[in-house]
Amino acid sequence: QVQLVESGGGLVQAGGSLRLSCAASRSIFSIDFMGWYRQTPGKQRELVAEITDRGRTNYADSVKGRFTISRDNAKNTVYLQMNSLKPEDTAVYYCYVHGNGAYWGQGTQVTVSS
């Protein structure tokens, strides 16, 4: 049973933009935190941005001022708008949702070419 559906990854040139989306199924409820993590080969998964059910946000220092996280509670969906992308943003991006459990998306590849 698919719990989280991610979309929006792809290949973009440095300086470009992408928007990631993650829709949580209705079987996930009482959602408080929604967020995005990323991982590159050989490195630990790291937090990119997160947002609470009340709209409080938290960003990694490396993406502050460039990325914006938002959510639509009615649609159980979280978004990540990524602007001014850099080659070092290249990674697999994972959606994370915490509600009646902790759930991870399948990951979506973001590649930024120089």
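In the predicted model, the count of aromatic pairs comes to three. One of them is formed by Y37 and Y96, whose rings adopt an edge-to-face arrangement with 5.9 Å from centre to centre and 75 degrees between the planes. Because Y37 belongs to strand β4 (residues 33-39) and Y96 to strand β9 (residues 91-99), this pair ties together parts of the chain that are 59 residues apart in sequence. Y37 counts as buried, with a relative accessibility of 19%, and Y96 likewise counts as buried, at 18%.

Y37 also takes part in a pair with W104: the ring centres are 5.1 Å apart and the planes stand at 70 degrees, so this pair too is classed as edge-to-face, the angle being over 60 degrees. Since Y37 is placed in strand β4 and W104 in strand β10 (residues 101-104), the contact ties together parts that are 67 residues apart in sequence. W104, at 38% relative accessibility, counts as partly exposed. Taken as a group, Y37, Y96 and W104 form one aromatic cluster.

Arginine side chains are also found over aromatic rings. R45 lies over the face of W104, at 4.7 Å from the ring centre, and W104 is itself a member of the aromatic cluster with Y37 and Y96. At another ring, R19 lies over the face of Y79, at 4.1 Å from the ring centre.

A search of the whole structure finds four salt bridges. Among them is the bridge in which the side chains of E46 and R38 meet, with an N to O distance of 2.8 Å. The accessibility of these two residues is given by separate values: R38 is buried, with a relative accessible area of 6%, whereas E46 counts as partly exposed, at 38% relative accessibility. Another of the salt bridges joins the side chains of D61 and K64, at 3.1 Å from N to O, and here D61 counts as exposed, because its relative accessibility of 63% is over the 50% cut-off.

A further salt bridge is found between the side chains of R66 and D89, with 2.7 Å from N to O. This pair links distant parts of the chain, 23 residues apart, with R66 located in the loop between β6 (57-59) and β7 (67-72) and D89 in the loop between β8 (77-82) and β9. Both R66 and D89 are buried. Through salt bridges that share partners, R38, E46, R66 and D89 are joined into one network; within this network, R38 is buried at 6% relative accessible area, while E46 is partly exposed at 38%.

With regard to secondary structure, the protein contains zero helices and 11 strands, and from the N terminus on its elements run β-β-β-β-β-β-β-β-β-β-β. Four strands form an open sheet in the order β1-β3-β8-β7, and the pairing is antiparallel. The edge strands of this sheet are β1 (4-7) and β7, each of which pairs on one side only, and the twist averages 15 degrees from one strand to the next.

The overall dimensions were considered last. For a protein of 114 residues, a compact globule would have a radius of gyration near 13 Å, and the value computed for this protein is 13 Å, which agrees with that expectation. Along the principal axes, the C-alpha atoms fill a box of roughly 40 × 30 × 25 Å. Of the 114 residues, 43% count as buried, and the residues described above that fall in this class include Y37, Y96, R38, and both R66 and D89.

Terms used. Residues are numbered from 1 along each chain as its sequence is written. This is a predicted model: local features need pLDDT of at least 70, side-chain atom pairs count only at pLDDT 80 or more; totals for chains, interfaces and linings use all residues. Side-chain values use heavy atoms; hydrogens and water are left out. Rings of Phe, Tyr and Trp (its six-membered ring) pair if their centres lie within 6.5 Å; planes under 30 degrees apart count as stacked, over 60 as edge-to-face and the rest as tilted. Helices (H or I, at least four residues) and strands (E, at least two) are DSSP runs, numbered from the N terminus. Buried means under 20% relative accessible area, exposed over 50%, partly exposed in between (1.4 Å probe, protein chains only). A charge sits over a ring if NZ of Lys or CZ of Arg is within 6 Å of the ring centre and within 35 degrees of the ring normal. Two strands pair if DSSP finds at least two bridges between them. Axes are lines fitted to C-alpha atoms, for helices over the stretch in contact, and angles run from 0 to 180 degrees between N-to-C directions. The radius of gyration is taken over C-alpha atoms; the globule rule is 2.2 Å times the number of residues to the power 0.38.
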